[in-house]
Amino acid sequence: MAFYAHFSSREEVLAAVLTRFMATLDTDPVPGERWDDTLRRTMKAIHGGFTSHPHLCGIDIDPLVSYEGLSAHTQKIVNLHLDQGMSEKVLTKAWAMVDAFLTGFDANAIASAHYLEAKRDEGSSAMPAWERIVHSAYSEAAFQSGVEIIINGVRGIAAPDPCEWYTPLS
């Protein structure tokens, strides 16, 4: 009951937890950092945060509450890229790619890890080729490859802009 002295509902508690969690991730501006290095760093931080705390993906939360918990983080990331000089048009398309990739990759990586752990617990390690391929698709190397594909996609979307976008020095 002590929680409810500070929060009016379970959803409010979860939004506060999500806000606090997102604030711990390495997504602050780094003066002089190139946009693609920013994307690599922030995507790695978000991916690492969710895969280190897989239970967060399984919390059933109202989408409006989730939005509330993510809004400060989202605003910070959007402003970071806009301040670097990325156009709103390019960022809108980049955001769709990044969001879909992070959401899908992390959910599947977490599910795959749970599945493989359950198979180990039952003493079963043999897998047909299709299962080996699917579960191998969620390695850290595969994640980094996906990030590079997104970066190349952003360059393609922005063409002929040379993408010389950097975090301001001050």
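## Notebook: salt bridges, a core and a helix pair

I started with Glu-33, which I found in the loop between α1 and α2. A reminder to myself: this is a predicted model. Is Glu-33 buried or exposed? I looked up its relative accessibility, and at 12% Glu-33 counts as buried, because the cut-off for buried is under 20%. Its side chain has a polar partner: a contact of 2.7 Å joins Glu-33 to the side chain of Arg-41. Then I listed what Glu-33 touches, leaving out residues up to four places away in sequence: Thr-38, Arg-41, Gln-84, Trp-165, Tyr-166 and Thr-167.

**Entry: Tyr-166**

I placed Tyr-166 in the segment after α6. With 36% relative accessibility, Tyr-166 counts as partly exposed. How far apart are the C-alpha atoms of Tyr-166 and Gly-32? I got 5.5 Å, for two residues that sit 134 residues apart along the chain. Not counting residues up to four places away in sequence, Tyr-166 touches Gly-32, Glu-33, Arg-34, Asp-83 and Gln-84. I also noted a polar contact of 3.2 Å between the side chains of Tyr-166 and Glu-164.

**Entry: Arg-34 and its salt bridges**

Next I went through the salt bridges, and the structure holds 10 of them. Asp-36 is buried, at 4% relative accessibility. Which residue is 3.5 Å from Arg-34, closest N to closest O, in another salt bridge? I found Glu-164 there. Arg-34 lies in the loop between α1 (10-23) and α2 (35-52), while Glu-164 lies in the segment after α6 (140-158), so this pair ties together parts that are 130 residues apart in sequence. Glu-164 counts as partly exposed, at 47% relative accessibility.

**Entry: Glu-131 and Lys-119**

I moved on to Glu-131, which has its place in helix α5. Its relative accessible area is 8%, so I wrote Glu-131 down as buried. Glu-131 forms a salt bridge with Lys-119, and the closest N and O atoms are 4.0 Å apart. The pair links helix α5 (residues 129-136), where Glu-131 sits, to helix α4 (residues 88-121), where Lys-119 sits; the two are 12 residues apart. Both partners are buried.

I had one more look at Glu-131. What does Glu-131 touch, not counting residues up to four places away in sequence? I found Tyr-115 and Lys-119. The side chains of Glu-131 and Tyr-115 are joined by a polar contact of 2.4 Å.

**Entry: the nonpolar core**

Then I turned to the largest nonpolar core, which has 28 residues. Which of its residues touch the most other members? My answer was Trp-35, Met-43, Val-154 and Trp-165. I checked which elements give two or more residues to this core, and they are α1, α2, α4 and α6. The largest share, eight residues, comes from α4.

Val-154 lies in helix α6. With a relative accessible area of 1%, Val-154 is buried. Setting aside neighbours within four places in sequence, I found Val-154 in contact with Trp-35, Met-86, Val-90, Ala-94, Met-97 and Trp-165. I also looked up Leu-91: its C-alpha is 8.3 Å from that of Val-154, and the two are 63 residues apart in sequence.

**Entry: α2 against α6**

Last, a helix pair. Two packed helices are described by the angle between their axes and the distance between the axes. For α2 and α6, I noted axes that come within 10 Å and cross at roughly 145°. Is the crossing left-handed or right-handed? I recorded it for α2 and α6 as right-handed. On the α2 side, the residues making the contact include Trp-35, Asp-36, Arg-40 and Met-43. On the α6 side, Glu-148, Val-154 and Arg-155 are among them.

Key: Residues numbered from 1 in each chain as written. Predicted model: local features only at pLDDT ≥ 70, side-chain atom pairs only at ≥ 80, totals over all residues. Heavy atoms only, no water. Salt bridge = Lys/Arg side-chain N within 4 Å of Asp/Glu carboxyl O. Buried < 20%, exposed > 50% of the residue type's maximum accessible area, 1.4 Å probe, protein only. Helix = DSSP H or I, 4+ residues; strand = E, 2+ residues; numbered from the N terminus. Contact = heavy atoms within 4.5 Å. Core = buried A, V, L, I, M, F, W, Y, C linked by side-chain atoms within 4.5 Å. Polar contact = N/O pair within 3.5 Å; in protein donor to acceptor, adjacent residues only side chain to side chain. Axes fitted to C-alpha atoms, helices over the stretch in contact; angles between N-to-C directions. Left-handed = near helix turned anticlockwise from the far one by under 90°.
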